[in-house]
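Visitor: Please put the model on screen. I have some questions about how its parts are arranged.

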Amino acid sequence: MLAANSEKVKDSSMLGDIQYGETRVIGKRTPRVDSIEKLTGEATYVGDMTIPGMLFAQVKKSPHARARILGIDTRKATALPGVRAILTGDELDYRVGLYMVDKYVLAKGEVRHYGEAVAAVAADTTAIARHAVELIHVKYEKLPPVLHPLDAIREDAPLVHPQMGNYDYMDTAFSPIPGSNICNHTKLRKGDVEAAFKESEWILEREYTNPSVQHVPIETHVAIVTWKHNDQVTIWSSAQSPFTLRNLFCMAFKLSHNKVRVIVPNVGGGFGGKAGIHIEPLVACLSRKAGGCPVKFTATREEEFSLLPCRSALTYRVKTGVSSDGKIIGQKMTMYWDSGAYADYAVNVTRASGYSAGGPYEIPNAWVDAYTIYTNKPFGTAYRGFGHVEFFWGIERHMDLVANAIGMDSLEFRKKNALRPGSVTLTGEKIEKHTGNVIACLIAAEKAVSYGKLKAGEKKREQKSGMKIGKSVVALHKAPAMPPCTATGVILKMNEDATVTANFSLTEIGQGTYTALAQIIAEGLRFPLHRIKISQETDTDRDPYDWQTVASKGLLLTGNAALLAAQDLLRKAYEVAAQILRAQHVDLDHDADKVFIRHNPDVSVTFREMAVGYAFPDGRSIGGPLIGTGSYIAQGLTHLNKETGQGLPALDWTYGAHGVIVEVNEHTGEYNILKVASVFDVGKVINPDAVRGQAIGGMLQGLGTAICEGYMYDQEGHLLNPSFTDNKIPTARDLPLEVESIVIETPQLDGPYGARGVGEHSMIAVAAALGNAIQQACGAELTHMPIRFEDVWRALEKKESIDNWITKSPYGSCKSEPEIRKNRPAQ
Amino acid sequence: MIHDFRYIRPKSLEEVHDLLSNISEQGCVFSGGTDLFVDIRAGLSTPDFVVDLKAIESLHQFSFDKQEGLIIGACVTVNELIRHAAVQKHYSILATAGRELATHQIRNRATVVGNVVTASPCGDMASPLLCLDAEVVVLSSKGSRNILLSDFITGVKSTRLRPDEIVEKILVPGRMIDAIGGYKKLKRIRGHDLGVVSVALLKGKDTLRFAISSAAPTPVLLTDFPPSTSVRDIQAAAQRAISPIDDVRCSKEYRAFMVSAFIERLMNEAG
Amino acid sequence: MMVRITVRVNGKEYTREVVESKTLLHFLREDLGLTGTKEGCGAGECGACTVILEGHAVNSCLILAVEADGSTIETIEGEVKNGRLSRLQEAFHNHHAVQCGFCTPGMIMTIKDLLRRKPKPSRDEIIDGIEGNFCRCTGYEQIIEAVLDASGQLGESEGLKYAR
């Protein structure tokens, strides 16, 4: 359903005059280009691959959260028949890291989290490798771990990385504090927040928390690597970012890029967990030690939960000053990101959250301190939403609490404070009409759940069930978290029969971008969709560069590159055609099959005739294979000032809103979600079913975070729920009774046909919406996640809440009481 | 599988007895395998032999007689139980509880007897069977003996079964036939989950029974309340009988609370 | 110890020597090269390994290959017949019920079994039927719509389907 606010705008891409009321393929319902292979079981994933001579790897993992490695005895394992290579940290002096180079390939001297890899084996079979791992004996000296981020920033906290001061890191974006556990401090200072508090009628401060969760792609991490003589390395990996993987690999091992090849066939889900570099360096080292034999490692589900990274936990403190008429005047936001044992993406999550921290609201005076904190736990990597799921729990709960405290309806409060054309963001960016329309999203969500009243059917339901119904509407926003110089390329090759094959390195991880790109290319070329083939496998030797498949930026950046490539292909075809037809470029036009003279259309030459070179009747030839290339780099973005946080980080802003209806049993805390409506301003829908699939899929993943997901540790840092037994994810039965997906189209002027990304946004604010609706229904005020029935009951009974992510923690982060003061503004 | 083992598929009960006399310490019998293979993979069980009972026809016995009641052989799966017309009609509590056990795919393999023998405190089948006065028939080379289910399960994952014995079948007597049954299971999601705490109710003509799982080392049976007993009294009796714990799934407080809540709900639904 | 077993998979007979402790899942994937069936957890929770064994949908990760000796098995590879997608596969394709595709083979087999037992399942019955198959990508809604369509229960006018 298209909400009424869309506009027809000319020039929807920076390329030319495109009236997208006239599109043939854009916006139409078309099936996915990759689903048939997946439906027949023919699609290849790395786990399905076998290479002659392949060995199988297994990993010895630490049972401790923090310990010194006193010695590793591999003699018995080495003697086992069928074992071809064993590695320990002593032999590998390589460190890896996206932004902070802090992680050895195997733990060296010290283990920093439960589940960390300490040794690895490659053997003829998985069973032999496993047996060998059991025979490896590691002597540890256990050390007291630091587990809670607030403990980790105390003066006397043990240092997870005492050598942090010596690490390489990306200094344009990050500010570590050596001699502490803070590997990044992102600051933002806008206006004068203390003065704003003095002017405020109300000041409200509260703390919100959520635990780490796992991505749970149904396909676990898997890689096959061959490290041949002369350092020719080939990596097959279930990975989201082949070029970043190659880049980090080469940096770690000091190899030139043209020696390393990364190939990604199909990926069984990523959600950010496969965005960087993970098991590939270790597998590569095993191959090298085994004389270049291919080595395959497939993570078990349990390893996926602890050896592989998760999503950082967050403690978020928000202090808001509000005027007497309900306008936010100032806001102080402090984020404590629990990065776990390594910085990985967590430092960037901190940065990206820092500049987005206040939500889609106008905050004239703002102060943000966002800390990335090391602790001795499995570490946080990119996760769909890149920090936004975590902090929107805080912000959107906070908006409701603020509104309730000042006696204003929470939706009215949001509309009053929402960003609109002329508003300025936290980083000083001015919102324009075409940035997007969060208020339209709020209004659509409001309508979808009939916010503010109970319909007759709902009243009847309440009477019958005895449960109380509550409704909420929340807003959200996100911009792609990426460097200002993020770039991508697309190559379009015309085949002899005038079909086109597209090569690019954006990966298809399920999000549907391949289909959208096929539609964009088909539209750009004016070819029918079935003549466009998107090359499924990504290969860094063959495909042009793409930064990473993250951040919901693929559609915009790669879509634009694809349009440029299409233009380039056509230009080259026209050049050849002009000679053949003895015409000027300006007089030429084309359709799906041929280039012709516009005012004399019978004079034409087919694409087939030109596709790989044109031969005149006498044999003389011109042209050559028609290949179009397009490169696109993010435009107009800047670094953020490290002191003030000011700058232009946002490629685009995708706004959205959710409406949620929940019914709660006030006696037991049990609840049912009756409806979730999700609204996103996507600029332009390229593929309606794909947008809907992202909206609903992300919504349910967001509900998983809200309802049942979360890592639990004991006081020694052991992960207590490292499998599906106690780490649950939503099943089909966990769908709300009703789901609705709505789009708004405020065109992105520099997006392909006006489109902007929406891959992450569907998950961002669902948890907060649920928490708000539950509170609206029964008064239970929850500030920590997940929201189990027991947590609702505890809140209703005014019982002490349970910090269910570090059992029996002395920390009261989820026990925080709100501080609500009515202020006398300075006279 | 992590652990290597031999697989034996006996064709008769005599063969089983022979095997168990020789290898009982290093062997495990199984039918569905849905608990055993999870345990083997997790390294919690390391048998040298696994003995598959499915080729023994008599263990697939599944019959109903109004006088004798229900006979559920060792190899009868949970889905077979749920689908059986007599179960749906006369022992609805078994079907209700059975539908809560894991997933459809698991129920196509997991057996009722297996679930009982595993004796997990959160098992779904034990509590309704307890309400129904079920007995297990234990078989060995020395003969067979009947043990009341309430005596059979002795602790967390432990039963009176000796290493050389198997459970041949479960007998569900006819005396509680057509009783009204109910089963409430607290889970962390609406989808498949272990029972965080669960309560089974059986309401006969002149008796009320409850059985509670995941609130003590073994399922707790509460019998026999006159039908006029108040909800409050039953709740009080339940609270005295259970000993829930705190764990990663739930606090003992909430477990205890939900036992009472489920008792009330079941009583209201049973009318 | 290696044991010889014979299985009938998608109508074709295979005889192989197999290690006794090997699961049916690994046997199908490694010994028969039928890699369509996937491993998601190895512990019977996620359903990615679902196949139909003797007419019943089961988690092949919790069954030994030797247990299946003499059995008839259906996997995703048998769903296409004479080069044509099945009605269920077509419906999945049309309704965008596939995203990353990793849960898809197991999901299809579970639903195939469901439709044999219940040719016109209600929405609730579909949901109950696929409860044992995790999908992290789609949120299940488009899968449910595909099943309604494949079982002839979705009208022509159904555009983008919303509420129940």
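**Burial, domains and contacts**

Guide: In chain B, 52% of the 271 residues are buried. A residue is buried if 20 or more other C-beta atoms lie within 10 Å of its own, exposed if 12 or fewer, and partly exposed in between, with C-beta atoms placed from the backbone. This is a predicted model: local features need pLDDT of at least 70, side-chain atom pairs count only at pLDDT 80 or more, and totals for chains, interfaces and linings use all residues. Residues are numbered from 1 along each chain as its sequence is written, while chains are lettered from A and ligands numbered from 1 in the order in which they are written.

Visitor: What is the radius of gyration of chain B?

Guide: The radius is taken over C-alpha atoms, and the globule rule is 2.2 Å times the number of residues to the power 0.38. Chain B has 11 helices and 14 strands. These are DSSP runs numbered from the N terminus: helices are H or I with at least four residues, strands E with at least two. The rule gives 18 Å for 271 residues, so chain B is as compact as a globular protein of that length, with a radius of gyration close to that value: 18 Å.

Visitor: How far apart are the C-alpha centres of domain 1 and domain 3 of chain B?

Guide: Domain bounds come from an automatic or database domain assignment. Chain B is divided into domain 1 (6-52), domain 2 (58-175) and domain 3 (178-270). The C-alpha centres of domain 1 and domain 3 of chain B are separated by 34 Å.

Visitor: Which residues of helix H5 of chain B are buried?

Guide: The cover over the buried residues of H5(B) includes helices H3 (78-83), H4 (85-90) and H8 (126-131) of chain B. Strands S11 (180-186) and S12 (197-203) of chain B are also included. Helix H5 itself covers residues 92-99 of chain B, and its buried residues are Ile93(B), Leu94(B), Thr96(B), Ala97(B) and Gly98(B).

Visitor: Which element gives the largest share of the side of chain A that touches chain C?

Guide: Two residues are in contact if their C-beta atoms, placed from the backbone, lie within 7 Å. The contact takes 45 residues from chain A and 43 residues from chain C. Helix H1 (35-40), helix H17 (688-707) and strand S31 (738-744) of chain A each supply at least two residues of the chain A side. The largest share, 10 residues, comes from H17(A).
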